[in-house]
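This report describes selected features of one protein model.

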Amino acid sequence: MYRRAPTQAKPKAWYQRDGGGRLAQDRERIAAAFPGLSYQIDEQAGRVFLEGTITLVAECGISTPIQARVEFPDDYPEHESRVYDAAQRFPYEADRHFYPDGRCCLWLPPESRWNAKDPDGLCRFLEEVAVFLDQQLTYEAVGKGRWPGRQRSHGDTGYVEFVLELLGGEQRLLDALAPTLANRSGVQRNSPCPCGSGMKYKRCHLRAVEEISRKVGLVKLYAIFGRWCTNAATDTK
Ligand SMILES: [Zn+2]
């Protein structure tokens with residue numbers, strides 16, 4: 001096992017920074033909004049968890065407690081926490097939007113509703129988790145194998161759907177811009193736009209492509225559309 005040299009000072013865990021202000025603030029809000037959850041601090045590991053129940057209340061008044069475990073990343077609050085179905089209440093199937101380890105798949109990362117700057121962000125995030133868990137109950141009650149509400153496909157397809165939506169749902173436009181999204185078209189600012197409008201790229205879809213790049217992240221975007229272009233090329237052969 002790797003051991004830190006004893007002379008080296010241990011870096012502060014996120015909950016110790018700024019005098020522990022963020023943790024204190026979150027704790028107070030969680031106690032009011034989610035009284036079934038309580039904080040557990042593992043000083044040794046420098047990690048914080050929220051454990052307990054999130055209670056879902058149906059319109060008819062019946063309440064269902066769900067055991068949950070919330071893990072905070074080391075760079076919290078910059079990045080969102082991970083939420084687990086702690087008592088294995090649900091089957092961990094991809095169609096149910098669970099990872100095999102019981103982690104809730106709440107959304108596609110670029111569509112995350114986590115807001116690091118909102119002081120009430122954790123409560124809002126957990127409200128989204130409650131909606132997700134409520135959808136699980138609906139899914140069971142309806143029993144038709146259809147996810148209630150909006151969902152994304154898994155893997156690359158989910159990202160392609162997201163990009164298509166940003167392009168106003170125009171498949172033709174997505175096809176035309178895909179090589180540019182994969183960074184394979186070599187289009188320059190003053191080149192004709194790949195969409196075929198006859199306008200210069202910088203006056204046409206440059207901004208749309210920049211927005212997509214910002215939301216998805218370049219590494220992810222190049223990888224996904226690189227594969228997408230390769231598949232499209234083999235399909236037409
Ligand atoms: Zn264009």
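## Zinc site

The model is a predicted one. Cys-204 counts as partly exposed, because its relative accessibility is 22% and the range for that class begins where buried, under 20%, ends. Cys-193, by contrast, counts as buried, with a relative accessibility of 4%. Both cysteines coordinate the zinc ion through their SG atoms.

The geometry of the zinc site is tetrahedral, with angles of 107 to 115° among the 4 donor atoms. Along the chain, the donors follow the spacing C-x1-C-x8-C-H. Cys-193 and Cys-204 both lie in the loop between helix H4 (171-181) and helix H5 (206-216), so the pair ties together parts that are 11 residues apart in sequence.

## Surroundings of the zinc site

Leu-206 belongs to helix H5. This leucine counts as buried, at 11% relative accessibility. Between Leu-206 and Cys-193 there are 8.1 Å in space, C-alpha to C-alpha, and the two are 13 residues apart in sequence.

The loop between H4 and H5 also holds Asn-183. The phi of Asn-183 is near 65°, which is a positive value in a residue other than glycine. Asn-183 counts as exposed, since its relative accessibility is 52% and the cut-off for that class is over 50%.

## The largest pocket

The largest pocket of the model has a volume of about 950 Å³. Its lining is made up of 42 residues, and the closest to the pocket centre are Cys-105, Leu-106, Trp-107, Leu-108 and Pro-109. By residue class, the lining of the largest pocket divides into 17 nonpolar, 11 polar and 14 charged residues.

Domain 1 (14-142) and domain 2 (156-236) both contribute to the lining, so the largest pocket lies between them. At least two lining residues come from each of strand S4 (82-85), helix H2 (121-142), helix H3 (156-166) and helix H6 (218-236). The element that gives the most to this lining is H2, with 4 residues.

## Backbone features

Most residues other than glycine have a negative phi, and most peptide bonds are trans. Asp-18 has a positive phi of about 50°, although it is not a glycine. This aspartate is placed in the segment before helix H1 (21-33). With a relative accessibility of 76%, Asp-18 counts as exposed.

A cis peptide bond runs from Tyr-76 to Pro-77, with omega near 5°. Pro-77 itself is in the loop between strand S3 (63-71) and S4. S4 is also one of the elements that supply at least two residues to the lining of the largest pocket.

## A position in strand S3

Strand S3 includes Ser-63. This serine is partly exposed, with a relative accessible area of 43%. Ser-63 and Val-129 are 66 residues apart in sequence, and their C-alpha atoms are 16 Å apart in space.

Terms used:
Residues are numbered from 1 along each chain as its sequence is written. This is a predicted model: local features need pLDDT of at least 70, side-chain atom pairs count only at pLDDT 80 or more; totals for chains, interfaces and linings use all residues. Side-chain values use heavy atoms; hydrogens and water are left out. On a 1 Å grid over the protein atoms alone, a cavity is a set of points where a 1.4 Å probe fits but cannot get out, and a pocket is an open set with protein on both sides within 12 Å along at least five of seven lines; lining residues have an atom within 4 Å of a point. Grid points are joined across faces, edges and corners, and a volume is the space filled by probe spheres set on the points. Ala, Val, Leu, Ile, Met, Phe, Trp, Tyr, Cys and Pro count as nonpolar, Asp, Glu, Lys and Arg as charged, and the others, Gly among them, as polar. Domain bounds come from an automatic or database domain assignment. Donors are N, O and S atoms within 2.8 Å of the metal (3.2 Å for Na, K and Ca); water is not among the atoms, so sites may look incomplete. Four donors count as tetrahedral if all angles lie between 85 and 135 degrees; four count as square planar and six as octahedral if opposite donors are over 155 degrees apart and all others between 65 and 115; anything else is irregular. Buried means under 20% relative accessible area, exposed over 50%, partly exposed in between (1.4 Å probe, protein chains only).
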